[in-house]
Amino acid sequence: MDFTLDARTTELQEQLTAFMDEHVYPIEAAFQEQIDAAPDRWSPPPIIEPAKEAARSQGLWNLFLPGEDGAGLTNLQYAPLCEILGRSLHIAPVVTNCAAPDTGNMEVLNMFGTDEQKEQWLTPLLAGEIRSAFAMTEPRVASSDATNIETSIVRDGDEYVINGRKWYISGAMNPNAKVLILMGKTDPTADRHKQQSMILVPRDAPGVDVRRGMKVFGYDDRDHGGHAEIDFTDVRVPVSNLIGEEGSGFAIAQARLGPGRIHHCMRLIGIAERSLELMVERAASRVAFGKPLSEQGVIRDWIAESRVRIEQLRLLTFKAAWLMDTVGNKGAHTEIQAIKIAAPATVEWILDKAVQVHGAGGLSQDFPVAEWYAQVRTLRFADGPDEVHKNALARHEIRRMTAHV
Ligand SMILES: Cc1cc2nc3c(=O)[nH]c(=O)nc-3n(C[C@H](O)[C@H](O)[C@H](O)COP(=O)(O)OP(=O)(O)OC[C@H]3O[C@@H](n4cnc5c(N)ncnc54)[C@H](O)[C@@H]3O)c2cc1C
């Protein structure tokens, strides 16, 4: 394993760092102010547009997407770049067209979409003209087991008719999220993993009712399009909106979640680095009991531990990325699950310490650490709860280690 960054990655890393200094960090405060003042709570603030233009003109665009439709980077090349984007979580990924859930949706359309679907939805998504959402989770069933999904997709002549309720659909409160990739059941009598299909549903289709934005620890997350609860009542879409074949939804979901999971982890490392910087800055600038907080042993322990944990996390992420590039997502199964389990827990630990070092300020709106803490905590559910990943990882290990018995 050689994790030396190649020339292209180093060049992009330098370019992206300069871009963050010039176009992203300076607009963070105004971004928040515009969101707080916006009459329409869910639209993206206009201040991101010039940054978006700058990113596009500098070629810092669609960096996540391999192949000729994107920047053509490997996972290992993208990892250190995605980490930089994570440092300003609600601005940098969006202005470079590298934000979830669009990235996963673009990958699905790129891999499984028909020419017609690509033209209608992938082209404007790649151009950053529209946003999208991914609708799988349902309030009425334990959705960490995707075979439980109840939303029905029933064929009626040249159309499919969709009925069901989804919630926590990230980004779908944003009116610019023009299309949803919805997972439902086309054949509830088929084999457990062949019942589900994915279908494209325009957000403005009759029968789509975006009911409310779900909160996360009290935050409505409007800075990244909220998390919608949506009713689908007799929603009709043409049969050509089906992605892949009937019954292929489960397999497509697995393909979608591989890169998506590792992208979350890469961004989390960026949050961890910035949290550590804030922790050190604050500890060095506050004096308690006659000396700076940074001279208290316990705080030094947190700083040292944070550095150790970030380095461990980055190496594991690089390894998972390298395996995805060299042996494919299936061969990287254990490492992808390991990083999905390790990253949120590790960064949550670091953020907990960053909050503590900031005192009451750490819980306030004046520093980003409280909100990051809430965000990071959700990643122990989103894209599958820790327990499900641990279960699958353990099953794999047990099978491997008992194969000879
Ligand atoms: C902020 C946020 C954003 C999200 N964005 C999206 C989105 O864009 N699109 C989307 O479709 N979904 C989204 N989700 C939903 C997320 O993917 C689900 O919450 C997750 O898959 C778990 O499903 P559930 O909530 O139904 O929990 P359940 O399936 O009811 O599980 C509850 C708990 O049971 C335990 N559990 C479950 N299975 C096992 C097991 N095998 N072993 C041991 N314990 C187990 C776990 O502790 C789990 O947390 C989002 C969630 C959050 C919080």
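Buried here means under 20% relative accessible area, exposed over 50%, and partly exposed in between (1.4 Å probe, protein chains only). The model is a predicted one, so local features need pLDDT of at least 70 and side-chain atom pairs count only at pLDDT 80 or more, while totals for chains, interfaces and linings use all residues. Residues are numbered from 1 along each chain as its sequence is written, and side-chain values use heavy atoms, with hydrogens and water left out.

On to the salt bridges (a side-chain nitrogen of Lys or Arg within 4 Å of a carboxyl oxygen of Asp or Glu): the whole structure has 24 of them. Lys319 pairs with Glu335 at 3.2 Å, N to O. Lys319 sits in helix H9 (residues 297-331) and Glu335 in helix H10 (residues 333-357), so this bridge ties together parts 16 residues apart in sequence; helices are DSSP runs of H or I, at least four residues, and strands are runs of E, at least two. Glu335 is buried at 14%, whereas Lys319 is partly exposed at 28%. Elsewhere, shared partners join Glu83, Glu273, Arg307, Glu311 and Arg314 into one network.

Arg212 and Glu229 also form a salt bridge, with their closest N and O atoms 2.8 Å apart. Glu229 is buried at 2%, but Arg212 is partly exposed at 40%.

A polar backbone atom of Met136 is 2.8 Å from a ligand oxygen.

Methods: Polar contact = N/O pair within 3.5 Å; in protein donor to acceptor, adjacent residues only side chain to side chain.
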